[in-house]
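I opened this structure for a first look and kept short notes. Each entry records what I looked up.

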Amino acid sequence: MPQLSLSWLGLGSVAASPWLLLLLAGASWLLAHVLTQIYAFYENSRRLQCFPQPPKQNWLIGHLGLVKREEKGLKQVTQLVGTYPQGFMVWMGPIFPLINLCHPDIVRSVLNASAAVALKDLVFYNFLKPWLGDGLLLSSSDKWSRHRRMLTPAFHFNILKPYVKIFNDSTNVMHAKWQRLISKGNTCLNMFEHISLMTLDTLQKCVFSFDSNCQEKPSEYIAAILELSALVAKRNEQPLLHMDFLYQLTPDGQRFRKACRLVHKFTDAVIQERHRTLPDEGLDDFLLAKTKSKTLDFIDVLLLSKDEDGKMLSDEDIRAEADTFMFEGHDTTASGLSWILYNLAKHPEHQERCRQEVQELLRDRDPTEIEWDDLAQLPFLTMCIKESLRLHPPVMAISRCCTQDVVLPDGRVIPKGVVCVISIFGTHHNPEVWPNPEELHRTDVRHERDEGGAGADAAALPRAARPRGAAQEA
Ligand code: HEM
């Protein structure tokens with residue numbers, strides 16, 4: 001085996017074996033890699049200087065722990081947005097920067113970028129992956145675009161309209177339960193728990209045409225979804241357990257796996273059952289006939305979906321999309337509805353006004369149920385719902401990681417690879433958009449058809465402030 005003299009490296013007469021050479025090559029590669037990373041880090045830090053940052057805790061942890069949890073944290077976000085209304089950046093530890101976007105003009109630049117450029121950042125969503133798979137919420141790029149196109153018909157008014165009947169039925173069950181509990185002397189109810197059961201009940205009917213009667217008696221499937229949602233939220237707060245292998249060893253990790261299995265088993269069973277009842281041929285005709293006779297549920301829509309090449313979704317894809325709808329649809333709406341009730345309780349004068357509006361609409365009607373077309377006839381209630389969603393958005397923030405530099409309208413650049421947090425809560429509390437953001441605002445944008453409608457109610461809210469930049473306001 002030839003031996004090489006490394007004297008030119010200053011190693012004197014040391015002779016190198018192939019292993020030594022390999023080691024040297026590996027060390028050089030590592031050094032080059034580390035140097036490249038250091039250079040990229042400094043270059044990124046230099047480019048990020050255009051984004052202001054609050055004082056760090058220290059150089060090592062950066063801004064970690066700056067924003068506390070729960071209500072205190074939200075107050076801190078409001079203060080930060082007041083100080084940095086055009087956005088700011090923070091360091092999560094010594095080397096991981098996060099840009100916080102909280103102004104619509106800036107948020108727009110990222111959201112308008114194509115799905116391939118503004119990738120969903122899975123750091124915050126990854127814990128959902130074993131449960132939701134590659135459903136719309138977690139998929140990205142081509143898969144997301146293909147599925148998004150295929151699922152668009154699911155949001156067509158004609159599909160959604162019949163669901164109002166299901167919403168009414170589920171709500172009636174909840175109201176009847178409240179009346180029963182109150183007549184038995186209960187004066188204190190956890191609204192969020194009751195409303196979550198109601199939204200899950202509704203979704204199970206809309207997605208699977210399955211009535212588990214979960215508002216009245218325990219359902220294993222619904223309990224598993226509630227447990228999964230709670231476990232994901234809990235894990236989010238435990239940085240050590242962000243590592244999969246550690247989490248799987250914990251009792252929570254095992255509970256998570258067990259609940260995932262149960263939820264998947266339910267969804268798979270519904271899909272298999274549908275396959276059994278579906279004809280081998282003439283699927284379209286069969287489903288179209290079904291549409292006429294009853295509500296087309298989400299599983300039907302998924303079974304019906306075809307892409308441009310006529311390819312259908314796999315069973316695994318169908319399960320991921322259905323599970324995603326069950327998750328994404330229940331917690332958000334339950335949180336939104338709970339806050340709306342809270343805000344109406346806090347402002348009895350507006351609550352009364354909403355009640356009058358509904359009673360007026362339903363006067364002399366039988367049955368006294370809200371229908372799809374009624375929704376446009378409730379401008380004051382709609383305004384209160386929107387304002388509640390502004391003050392208490394069910395989803396506080398979403399994140400994106402851009403695969404290219406994104407230029408903002410003010411000329412600043414978000415460097416590629418840096419994670420952006422789009423702060424929905426921050427945007428809704430930005431004083432440059434909403435002067436005195438904690439006060440009630442009119443959140444409707446008046447259109448021609450609203451003349452004499454919502455506008456007539458403007459005086460009913462205590463302060464009719466104009467969101468700066470809103471297209472047109474009464
Ligand atoms: C007040 C109610 C709701 C709020 C505030 C809300 C909020 C959001 C937000 C902020 C996102 C964007 C996530 C991201 O891009 O990172 C999202 C996505 C999504 N939501 Fe909702 N949501 C609500 C209700 C629902 C309902 C009822 C369903 C279905 C039944 C649903 C299904 C979805 C799906 C499938 C996605 C992923 C869409 C995609 O990426 O193409 N959401 N939602």
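Entry 1: I began with Tyr 84, which is buried at a relative accessible area of 17%. I take buried as under 20% relative accessible area, exposed as over 50% and partly exposed as in between, with a 1.4 Å probe and protein chains only. Phe 88 is buried too, with a relative accessible area of 6%. Tyr 84 and Phe 88 form a tilted aromatic pair, with 5.7 Å centre to centre and 40° between the planes. Rings of Phe, Tyr and Trp (its six-membered ring) pair if their centres lie within 6.5 Å; planes under 30 degrees apart are stacked, over 60 edge-to-face, and the rest tilted.

**Entry 2: ground rules.** I noted that this is a predicted model, in which local features need pLDDT of at least 70, side-chain atom pairs count only at pLDDT 80 or more, and totals for chains, interfaces and linings use all residues. Residues are numbered from 1 along each chain as its sequence is written, and side-chain values use heavy atoms, with hydrogens and water left out.

Entry 3: I found 13 aromatic pairs in the structure. How are the rings of Phe 208 and Phe 266 placed? Their centres are 5.1 Å apart and their planes are at 85°, so the pair is edge-to-face. Phe 208 lies in helix α8 (residues 191-208) and Phe 266 in helix α11 (residues 251-277), so the pair ties together parts 58 residues apart in sequence. Helices (H or I, at least four residues) and strands (E, at least two) are DSSP runs, numbered from the N terminus. Phe 208 and Phe 266 are both buried.

**Entry 4: charges over rings.** I looked at Arg 235 next. Its charged end sits over the ring of Tyr 247, 4.1 Å from the centre. For Arg 353 the ring is that of Phe 380, with the charged end 5.5 Å from its centre. The test asks for NZ of Lys or CZ of Arg within 6 Å of the ring centre and within 35 degrees of the ring normal.

**Entry 5: the cores.** Which residues touch the most other members of the largest nonpolar core? They are Leu 101, Leu 128, Trp 131, Phe 208 and Ile 414, out of 67 residues. Domain 2 (57-117 + 399-438 + 466-473) and domain 3 (132-346) both give residues to this core, so it lies between them. The domain bounds come from an automatic or database domain assignment. Another core, of ten residues, lies apart from it, and includes Cys 354, Leu 362, Ile 370 and Phe 380. A nonpolar core is a set of buried Ala, Val, Leu, Ile, Met, Phe, Trp, Tyr and Cys residues joined through side-chain atoms within 4.5 Å.

I then followed Ile 414. Leaving aside neighbours within four places in sequence, Ile 414 is in contact with residues including Phe 51, Ile 99, Leu 101 and Cys 420. Contact means heavy atoms within 4.5 Å.

**Entry 6: Ser 423.** I placed Ser 423 in strand β9 (residues 419-423). Ser 423 is buried, with a relative accessible area of 9%. Beyond its neighbours within four places in sequence, Ser 423 is in contact with Val 77, Leu 101, Cys 102, Met 396 and Ala 397.

**Entry 7: Leu 64.** Leu 64 lies in the loop between α1 (18-47) and α2 (70-83). It is partly exposed, with a relative accessible area of 38%. Once neighbours within four places in sequence are set aside, Leu 64 is in contact with Gln 57, Trp 91, Met 92 and Gly 93.

Entry 8: Is Glu 70 buried or exposed? Glu 70 counts as exposed, at 69% relative accessibility. Glu 70 is found in helix α2, and has a positive phi of about 55° although it is not a glycine. Ser 209 also has a positive phi of about 55° without being a glycine. Ser 209 sits in the loop between α8 and α9 (220-236).

Entry 9: Which residue of the protein is a donor to the iron atom of the ligand? The single donor is Glu 328 (OE), 2.5 Å away. Donors are N, O and S atoms within 2.8 Å of the metal (3.2 Å for Na, K and Ca); water is not among the atoms, so sites may look incomplete. Glu 328 is found in helix α14 (residues 315-346).

**Entry 10: the whole chain.** The chain has 17 helices and nine strands. Of its 474 residues, 40% count as buried.
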